[in-house]
Number of protein chains: 2
Amino acid sequence: MNSIPELNPTWFQRAADYQARLTMPTGALGRLLELGRQLCAVQETLQPRTEPAAVLVMAADHGVSEEGVSAYPTEVTGQMTANFLRGGAAINVLAKRQGARVLVVDMGVQQPISPQAFAGQVEWVADLAVARGTHNFVKSPAMTMEQAEQALAAGRRIVAERLAPAGMRVLALGDMGIGNTTSASALTTALTGQPVAAVTGRGTGIDDAGWKRKVALIEKALERHFSQRGNRIEPMEALRAVGGFEIAGLAGAALEAAGRRMIVVLDGFISSVAGLIAVRMAPAARGYMIAAHRSVEAGHTAILQTLDLNPLFDLGLRLGEGTGAALALNLIHSAADIMRDMGTFEKAGVSGRGK
Amino acid sequence: MNSIPELNPTWFQRAADYQARLTMPTGALGRLLELGRQLCAVQETLQPRTEPAAVLVMAADHGVSEEGVSAYPTEVTGQMTANFLRGGAAINVLAKRQGARVLVVDMGVQQPISPQAFAGQVEWVADLAVARGTHNFVKSPAMTMEQAEQALAAGRRIVAERLAPAGMRVLALGDMGIGNTTSASALTTALTGQPVAAVTGRGTGIDDAGWKRKVALIEKALERHFSQRGNRIEPMEALRAVGGFEIAGLAGAALEAAGRRMIVVLDGFISSVAGLIAVRMAPAARGYMIAAHRSVEAGHTAILQTLDLNPLFDLGLRLGEGTGAALALNLIHSAADIMRDMGTFEKAGVSGRGK
């Protein structure tokens, strides 16, 4: 594994010193300045650049969806993936506004995807799928350890071979997978020890009875896989037992991106679980991460607390696809612009504080 | 006064019905969809457009600043206004990222502004200044009723003569004025009846002693101007006694913009006080308003509650200039993009909910 450089605290201080010279009361842009300092530390410059940026959407199916844990049928994973390729999904629309590239990766979608027309901004990676969906983790492990490693490596390859050569500076993570909030909730309990009911939400919109069944299934699965092992499970082991190929792939992508000093933008519950897996494997990755938003999914808050990341906004989003992360790109670009393009008190001839 | 059309509730319902057909679980984009419905109702279409957008920054001085209520000297109002014109301020940088025009208006700056070089995106209106700053409202009314009316009319003219003819669809409000949080806090107590200490913050960054003096001065002024009149003061009367030319101008701009079915984006404390003044004069204006963010200034929350507006984000901003409103433009544009450009379940061949 590439080593991920720890951020140098000197750069946070240099950035703060420089920000104090910009023509505004000290600290008056709040979290935008906090973002700016992080960008400076990641890139080791006072003139950070955040373009080009890409949204990496990884799609895979989940065997557990045969238990009826989602409001939507399994084939929607493939249908929505095809929709991404045609440019008709929310992530296409939002990424276009940000001028961000969209890379869609089949990490293990059950139904074959045959896109007929591609939206200009979208690229498609079809040859990294690990299998046509995971196993139903209520009945057996979701995947083998080899598959978990293969999915993680695929995420790394995407960044190393597709995004790094294009000079990508910011990577927004997105997901598609019917049933994947069930996997994410199981992973959250496995990784944090929090009770299943506290980290399980309604995903695409199940009702009360569906939610109770979802919680019961996850509890049953965790008992089956981890009863002998105590609360905090190793990340690869958690992925093997109850994970998803897209979640493992996103964790690999986050690790590789941080190792190359890219900013990693977490979207909602699924990509943040992937972020936590990456940080458990390499704690220095945390410094490269930005939490875009707080999702409606109950487990997301538990993950953000564990990562000690404070999201930029709370807009009641619960879509995934990288939509919240795409919206956050604008704030990230703005934070970089402020560092690069604002004038200083000296240059502008503006008086400083009177007292 | 132009009448402001009440929004037609039918358009909210039509927009919601259409949103339910877009390829995502119902409501999964949360507040972005709420924004989208508002845009549809304002423009009476399911295909709202939010470009072009402009940031209107109104600058004026405040006589009360001679009391030492700000951390910065009075001349900073003029210096920062010149900085806007040269393109070196935060609002220039943030508006540029959004592709928004910046219109800077001298509503009554004390020191003459002689810009030497203009940033390409900025336009300058120098001929509407009401006077070279208000009077110190601790000692006398801030302005005459004629001046309050003149400032309000100037705000209307800017929109009618400069922005409407250019087809502007969204108007973000911004302010510059050393001492203007003192005026805004006094206006907030006058308009809402909330205690001065609860709606007074630290502005550009005064210390504890400065804050206590600021509160005491505002209390003294309000007692002087309004002791006989009870809690809720008429907006023009409040402006006359403790207002500012830029605040009156922004209120006029908000009224004129709403009357022309433009979206009005409130920034922080100052522009939101202007928004409340507009709504007190014409309640239908409220439907056209979006609160960008929750400022650090204590009084802002009181104003937003009175307006019943829920801000889009809370980033610890306290700069003014329209900076938060400019950042919100991206979310507003994104909300419009979602309405116009996403595919529907039928068109995309994506299955609906299974149950």
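**Entry 1: a pair of valines**

I started in strand 2 of chain A, where Val104(A) is the bridge partner of Val57(A). The model is a predicted one: local features need pLDDT of at least 70, side-chain atom pairs count only at pLDDT 80 or more, and totals for chains, interfaces and linings use all residues. Side-chain values use heavy atoms, with hydrogens and water left out, residues are numbered from 1 along each chain as its sequence is written, and chains are lettered from A and ligands numbered from 1 in the order in which they are written.

I noted what the words stand for. Strands (E, at least two residues) and helices (H or I, at least four) are DSSP runs, numbered from the N terminus. Two strands pair if DSSP finds at least two bridges between them.

**Entry 2: strand 2 and its neighbours in chain A**

How many bridges link strand 1 and strand 2 of chain A? I found seven, and the pairing is parallel. On to strand 3 (residues 122-125) of chain A: it pairs with strand 2 of chain A in the parallel sense over four bridges. There, Leu103(A) has Glu123(A) as its bridge partner in strand 3.

I then checked burial (buried is under 20% relative accessible area, exposed is over 50%, partly exposed is in between, with a 1.4 Å probe and protein chains only). In strand 2 (residues 101-108) of chain A, seven of the eight residues are buried, so this strand is largely enclosed by the rest of the structure.

**Entry 3: the whole sheet of chain A**

I followed the sheet across. Its six strands come in the order 3-2-1-4-5-6 in chain A, the sheet is open, and the pairing is parallel. Which strands sit at the edges? They are strand 3 and strand 6 (289-291) of chain A, and each pairs on one side only. The twist from one strand to the next averages 25°. For such angles, axes are lines fitted to C-alpha atoms (for helices over the stretch in contact), and angles run from 0 to 180 degrees between N-to-C directions.

Strand 4 (residues 170-176) of chain A joins strand 5 of chain A through three bridges, and the two run parallel. Ala172(A) has Val265(A) as its bridge partner in strand 5.

Helix 12 (residues 323-341) of chain A lies across strand 1, strand 4, strand 5 and strand 6 of chain A. The helix runs at about 135° to strand 5 of chain A.

**Entry 4: chain B**

I read the strand order in chain B: 3-2-1-4-5-6, six strands in an open sheet with parallel pairing. Strand 3 (122-125) and strand 6 (289-291) of chain B are the edge strands. Three bridges join strand 5 (residues 263-266) of chain B to strand 6 of chain B. Leu266(B) stands opposite Ala291(B) in strand 6.

**Entry 5: how the chains relate**

The same surface serves both copies: 100% of the contact residues of chain A recur in chain B.

I kept a rule in mind: most residues other than glycine have a negative phi, and most peptide bonds are trans. Where is the cis peptide bond in chain A? I found it between Glu51(A) and Pro52(A), with omega about 0°. Pro52(A) lies in the loop between helix 2 (30-43) and strand 1 (53-60) of chain A. In chain B, a cis bond joins Glu51(B) and Pro52(B).

Next came positive phi. Arg261(A) has a phi near 60°. I placed Arg261(A) in the loop between helix 9 (245-259) and strand 5 (263-266) of chain A. Is Arg261(A) partly exposed or buried? Arg261(A) is partly exposed, at 26% relative accessible area. Asp308(B) has a phi near 55°. Its loop lies between helix 11 (298-307) and helix 12 (323-341) of chain B. At 59% relative accessibility, Asp308(B) is exposed.

**Entry 6: rings**

I looked for charges over rings (NZ of Lys or CZ of Arg within 6 Å of the ring centre and within 35 degrees of the ring normal). Arg14(A) lies over the face of Trp11(A), 4.4 Å from the ring centre. In chain B, Arg14(B) lies over Trp11(B), also at 4.4 Å.

Definitions and conventions: Contact means heavy atoms within 4.5 Å.
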